[in-house]
Amino acid sequence: MTVTVTADMTMSLDGYIAGTDHSVANPAGNGADQIGGWIHAQSSWRERTGLGGGESDHDSEIMREWFEATGAVVMGRLMYDSGVEFWGDNPPFRAPVFVLTNRPGPTLVKEGGTTFTFVTDGIDSALDKAKAVSGGRNVDIAGGAHTVQQYLKARLVDELQLHVIPVLLGGGLRLFDNLGLGSHALEPIRVVDTPGATHLKYRILK
Ligand SMILES: NC(=O)c1ccc[n+]([C@@H]2O[C@H](COP(=O)([O-])OP(=O)(O)OC[C@H]3O[C@@H](n4cnc5c(N)ncnc54)[C@H](OP(=O)(O)O)[C@@H]3O)[C@@H](O)[C@H]2O)c1
């Protein structure tokens, strides 16, 4: 069964996915509170987090599409440490999540189908584990930057979606660093433009 590997990231127009000095205590980084704004207002996100309400527009449909298409998730330990409290007892993923880390720990089982499994033997192992339980749906490399960079560098990502928000941050955590030399050719698949974000979807040519 072929499983599509995706990466889906919100990015400022000048290329940052978080502001300066991001940390567990300051996940968005300085001056970058807008990063999650287009997501957290959407009905599709709010349904998944038990909040209800919210807006039902193109942004919401794009988020819903991600939830429906994704069967397993890979993320870095800093994204996990920054998000786990915010996501609560019933995290929005409702799928197995594999956390790349140097700090092993027991798998955490949350409500709604989300599990967090800590993987200490590298990116290939995490991806293989995720593919094995994705049910043929996509495996999404959810972030942060250092995690997505490793998969892009290894050319293991099939589709890249960027949600480019109309803000210039001037500094912070760049998405497209540490990729090494050599070009990556991309084929545009779709552009959806909303006031909140320009959603750019690409297939990465191998
Ligand atoms: N804008 C967006 O769409 C978006 C999406 C997701 C996250 N974010 C932001 O991204 C930030 C986090 O990104 P980040 O790049 O700093 O960190 P990250 O990629 O989330 O996590 C990096 C950490 O994961 C572990 N790790 C990664 N690769 C590993 C490997 N191959 N083997 C073993 N451990 C590995 C290491 O942690 P240990 O050594 O500590 O175990 C490493 O320090 C947060 O601020 C979050 O808010 C933004």
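Before I start, residues are numbered from 1 along each chain as its sequence is written. Since we are looking at a prediction, local features need pLDDT of at least 70 and side-chain atom pairs count only at pLDDT 80 or more, while totals for chains, interfaces and linings use all residues.

Let me begin with the chain as a whole, which has 6 helices and 11 strands; helices here are DSSP runs of H or I with at least four residues, strands are runs of E with at least two, and both are numbered from the N terminus. The C-alpha trace spans about 45 × 40 × 35 Å along its principal axes. The radius of gyration, taken over C-alpha atoms, is compared with a globule rule of 2.2 Å times the number of residues to the power 0.38. For 206 residues a compact globule would come out near 17 Å, and the chain has 16 Å, which agrees.

Of the 206 residues, 37% are buried, and a residue is called buried if 20 or more other C-beta atoms, placed from the backbone, lie within 10 Å of its own, exposed if 12 or fewer do, and partly exposed in between.

As an example, take I39, which sits in helix α1, residues 37-40, and counts as buried because it has 20 C-beta neighbours inside 10 Å. Leaving aside residues up to four places away in sequence, I39 touches W45 and M63, where contact means that the C-beta atoms, placed from the backbone, lie within 7 Å.

Now to the ligand, which is surrounded by 28 residues, the closest being G76, L78, T101, G143 and G144; the criterion is a C-beta atom, placed from the backbone, within 6 Å of the molecule. By class, this shell has 13 nonpolar, 13 polar and 2 charged residues, where Ala, Val, Leu, Ile, Met, Phe, Trp, Tyr, Cys and Pro count as nonpolar, Asp, Glu, Lys and Arg as charged, and the others, Gly among them, as polar.

Which elements each supply at least two residues of that shell? They are β1 (5-12), β2 (16-18), α4 (77-87), β7 (138-143) and α6 (145-153).

Two of these deserve a second look. In α4 the buried residues are L78, M79, Y80 and S82, and they pack against β3 (70-76), β4 (96-100), β6 (115-119) and β7. After α4 comes G88, with a positive phi near 75°. In α6 the buried residues are A145, T147, V148, Q149, Y151 and L152, and this helix is followed by R155, whose phi is positive, near 60°.

Notes. Contact = placed C-beta atoms within 7 Å.
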